[in-house]
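Please examine the structure below with attention to its charged side chains. The paragraphs that follow consider how such side chains are paired and where the partners lie.

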Amino acid sequence: MILSCVIIDDEPLAAELLKSYAEKTPFLQLKGVFHNAISAMQIFREEPIDLVFLDIQMPELSGIELAKIMPRQTKIIFTTAFSQYAVEGFKVKAVDYLLKPISYDNFVASAMKVVQLKMEQTPASSRERFFFVKSDYQLLRINIDEIVYIEGQKDYVRIYLDNGTKVMALLNMKTLEDTLPHPEFLRTHRSFIVNMSKVKNVVRFRIVIGDKLIPISDSYKDRVQQYLEERTLG
């Protein structure tokens, strides 16, 4: 999913830093950088904007005031040096609140919250067939059709692709389960999500993919059995 975004910040150095972050983030498409809220208002009338990185303390019109009149579909991440505005920020339904100085890690993590929110609000049939994950200090594109299965490992997941690549990412299984199309991808165990189109066979409630035997736990047994019965002939 690609998000169109703008940056609104009256501090040139802060705006330039956020601009550099946005330009190197593959799933963000920067549409403009503005140094006051009034000059930014026109772009919201001209085209849909998915995300705005919005400073709060600005002359003439504050970030909070702009947020109240912004189009409903535009998600807001506040960027400010003042923590006392956090409550006001969340009153206008900001997705996140970043305190300056802002690191790239925190910038990406906040933007990923918007990606997740947009995906949850998008019908599965309309979703793009890829997503990005943070792995080894970089963002990697994962093509959904190339996923064989996913294994949860404490705070991380390991994504196995059909070319033999294994990608470690700081994600939880619930996020992936909600993101991936269902029932093409099924949770079979607390620690496994399987691309059912890659399944070779099922033996004694173990899913066989290549030389890997993936367990089906009691908690997920019924849904897997239903999936198999609906697709079994004779």
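In this predicted model, Asp-96 has a relative accessibility of 12% and therefore counts as buried, since the cut-off for that class is under 20%. Its salt-bridge partner is Lys-113, with 3.0 Å between the closest N and O atoms. Because Asp-96 belongs to strand β5 and Lys-113 to helix α5, the pair ties together parts that are 17 residues apart in sequence. Lys-113, at 43% relative accessibility, is partly exposed.

Side chains of opposite charge can pair when their charged atoms come close. Across the whole structure, a search finds 14 salt bridges. One of them joins the side chains of Lys-100 and Asp-9, at 2.7 Å from N to O. Lys-100 is in the loop between β5 (96-99) and α5 (104-121), while Asp-9 is in the loop between β1 (3-8) and α1 (12-23); the pair therefore ties together parts that are 91 residues apart in sequence. Lys-100 counts as buried at 19% relative accessibility, and Asp-9 is likewise buried, with a relative accessible area of 0%. Both residues also belong to a network of salt bridges that links Asp-9, Glu-11, Asp-55 and Lys-100.

A further salt bridge connects Arg-223 with Glu-177, whose closest N and O atoms are 3.2 Å apart. Here the partners come from two helices, Arg-223 from α7 (residues 221-230) and Glu-177 from α6 (residues 173-179), so the contact ties together parts that are 46 residues apart in sequence. Arg-223 is partly exposed at 36% relative accessibility, and Glu-177 is partly exposed at 24%.

How values were computed:
Residues numbered from 1 in each chain as written. Predicted model: local features only at pLDDT ≥ 70, side-chain atom pairs only at ≥ 80, totals over all residues. Heavy atoms only, no water. Salt bridge = Lys/Arg side-chain N within 4 Å of Asp/Glu carboxyl O. Helix = DSSP H or I, 4+ residues; strand = E, 2+ residues; numbered from the N terminus. Buried < 20%, exposed > 50% of the residue type's maximum accessible area, 1.4 Å probe, protein only.
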